[in-house]
Amino acid sequence: MNPIVVLGSGLAGYTLVRELRKLNGDIPITLVTRDSGDYYSKPTLSNAFAQKKEAANLVLTSARAMAEQQKFTLLSNTEVRAIRRDDKQLDTTSGAIEYENLVLAIGADPIRIPLQGDAEVFSVNDLSDYARFRDKLNGAKSVAIMGGGLIGCEFANDLALAGYKVSVIDPGPYPIASLLPEQAGRRLMEPLKDLGVTWHFGKAAERADATGQGYTLTLTDQSTVSADIVLSAVGLRPRTQLAKDAGLSVSRGISVDERLQSSDKSIFALGDCAEINGRTMPYVLPIMHAARALAKVLSGEVAKVTFPYMPVVVKTPAHPIAVLPVGRDAAGSWKVLEEGQGIKMGFFNPEGGMTGFALTGEYAKERSEMTARCTA
Ligand SMILES: Cc1cc2nc3c(=O)[nH]c(=O)nc-3n(C[C@H](O)[C@H](O)[C@H](O)COP(=O)(O)OP(=O)(O)OC[C@H]3O[C@@H](n4cnc5c(N)ncnc54)[C@H](O)[C@@H]3O)c2cc1C
């Protein structure tokens with residue numbers, strides 16, 4: 001019998017393998033990944049600089065140990081170039097591989113916005129990016145971060161704690177504007193400013209010109225920012241090309257239903273590359289739920305993924321935040337529930353039910369209680 005082939009050794013690929021093994025000790029599994037396959041937790045990438053961690057210290061389990069523990073065939077440093085659906089075969093840099101069922105857990109690429117000039121722009125989306133960026137930080141004093149969203153703010157907090165002078169540049173009006181209401185987002189500004197972060201909202205970086213050791217960035221309002229290093233954190237785009245080339249249905253991500261099944265009944269997708277019933281959910285908790293459901297589906301059970309309320313925790317220790325975001329078109333409005341060393345806000349639908357929340361500072365620890373209120 002041909003194996004289940006899992007493509008990708010990130011959180012999605014490895015969580016699925018673990019869940020599959022819990023249900024079925026014998027089913028043959030092959031895991032193909034273009035990186036080393038070493039297991040790490042990606043969220044640690046944005047709070048490891050202050051702890052002075054090397055990339056190697058972030059590895060939780062080596063690829064070889066994972067393969068032994070979970071009994072799968074590992075093909076690391078192997079890139080899949082094409083999916084030949086008619087033959088249920090993959091073209092890889094290590095030769096052809098046949099599959100019974102194929103799972104795409106291939107993640108997302110950092111979005112690159114064009115910047116004129118000669119800057120080397122970094123992004124940190126995996127262990128090797130982290131290693132390169134960390135290496136570059138040696139001897140540097142200042143970092144300009146393009147993007148004041150969740151990841152940009154986490155890096156700003158971490159790098160400022162590590163002693164770097166940080167500038168955050170974002171065309172939006174305030175931090176983490178895609179997830180937080182304005183009153184909550186603005187609460188982050190002062191505590192990070194106190195750590196040495198300078199905010200540049202309402203403008204984007206247009207160009208970066210080399211000046212001795214670092215760069216001068218020119219923003220859209222012609223103001224300038226100096227920094228030794230430029231880090232881009234403007235978002236991620238699901239990796240869909242492989243699926244698109246194979247003729248699978250693709251929208252923003254690889255389109256799958258609540259069984260995580262694509263438009264080909266032998267091919268499934270989860271994690272940052274997937275769009276589940278029209279929603280991309282590039283966070284740890286949805287991946288866990290999707291992996292559990294997909295393991296059942298691949299083991300022949302009747303199953304589908306359902307998502308409970310899943311708050312997002314923002315790792316900004318200078319001012320902690322937890323948010324249960326609401327869709328852009330959700331009917332209702334935000335209300336302030338309490339204010340102190342932070343703010344507690346709820347999103348209420350027209351019937352008066354709470355369907356989202358934003359908790360900052362001293363209120364961030366109330367997320368379980370607020371989730372329970374939403375569920376009720
Ligand atoms: C800095 C940072 C901090 C974060 N913090 C949080 C947080 O605090 N909380 C939270 O919930 N979420 C957080 N996230 C999001 C979360 O980490 C991701 O949603 C999750 O790790 C994605 O896992 P994945 O397996 O889908 O993708 P990835 O981890 O990107 O894995 C993709 C895998 O596919 C492989 N691959 C890709 N293409 C090919 C190919 N053609 N052939 C072979 N292999 C291929 C890659 O080598 C890799 O192994 C954070 C993300 C970042 C970047």
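Student: In which loop does Gln-222 lie?
Tutor: Helices (H or I, at least four residues) and strands (E, at least two) are DSSP runs, numbered from the N terminus. Gln-222 lies in the loop between strand 17 (214-219) and strand 18 (224-227). A caution on the source: this is a predicted model, where local features need pLDDT of at least 70, side-chain atom pairs count only at pLDDT 80 or more, and totals for chains, interfaces and linings use all residues. Residues are numbered from 1 along each chain as its sequence is written, and side-chain values use heavy atoms, leaving out hydrogens and water.

Student: What is the phi of Gln-222?
Tutor: Phi is near 70 degrees, a positive value in a residue other than glycine. Asn-277 also has a positive phi, near 45 degrees. Asn-277 sits in the loop between strand 23 (274-276) and helix 8 (284-298).

Student: Which class does Ser-223 fall into, at 25% relative accessibility?
Tutor: Ser-223 counts as partly exposed. Ser-223 is in the loop between strand 17 and strand 18.

Student: Which residues is Ser-223 in contact with, leaving aside neighbours within four places in sequence?
Tutor: Contact means heavy atoms within 4.5 Å. On that basis Ser-223 is in contact with Lys-203, Leu-217 and Thr-218, with neighbours within four places set aside. As for C-alpha distance, Ser-223 and Ala-205 are 9.5 Å apart in space and 18 residues apart in sequence.

Student: Which side chain makes a polar contact with the side chain of Ser-223?
Tutor: A polar contact is a pair of N or O atoms within 3.5 Å; within protein, one must be able to donate a hydrogen and the other to accept it, and residues adjacent in sequence count only if both atoms are side-chain atoms. The partner here is the side chain of Asp-221, at 2.6 Å.

Student: Where is Thr-218, and is it buried or exposed?
Tutor: Thr-218 is in strand 17. At 13% relative accessibility, Thr-218 counts as buried. Beyond four places in sequence, Thr-218 touches residues including Ala-204, Ala-205, Glu-206 and Arg-207.

Student: Where is Ser-9 found?
Tutor: Ser-9 is in the loop between strand 1 (4-7) and helix 1 (11-23). Ser-9 is buried, with a relative accessible area of 4%.

Student: Which side chains make polar contacts with that of Ser-9?
Tutor: Thr-33 is one partner, side chain to side chain, at 2.9 Å. Asp-35 is another, also through side chains, at 2.9 Å.

Student: Now the whole chain. How many helices and strands does the protein have?
Tutor: The protein has nine helices and 28 strands. Its radius of gyration (over C-alpha atoms) is 22 Å, close to the 21 Å that the globule rule gives for 376 residues, so the protein is as compact as a globular protein of that length. That rule is 2.2 Å times the number of residues to the power 0.38.

Student: What percentage of the residues count as buried?
Tutor: The figure is 51% of the 376 residues. For contacts with a separation of 6 or more, residues 24 or more positions apart account for 57%.

Note on methods. Buried < 20%, exposed > 50% of the residue type's maximum accessible area, 1.4 Å probe, protein only.
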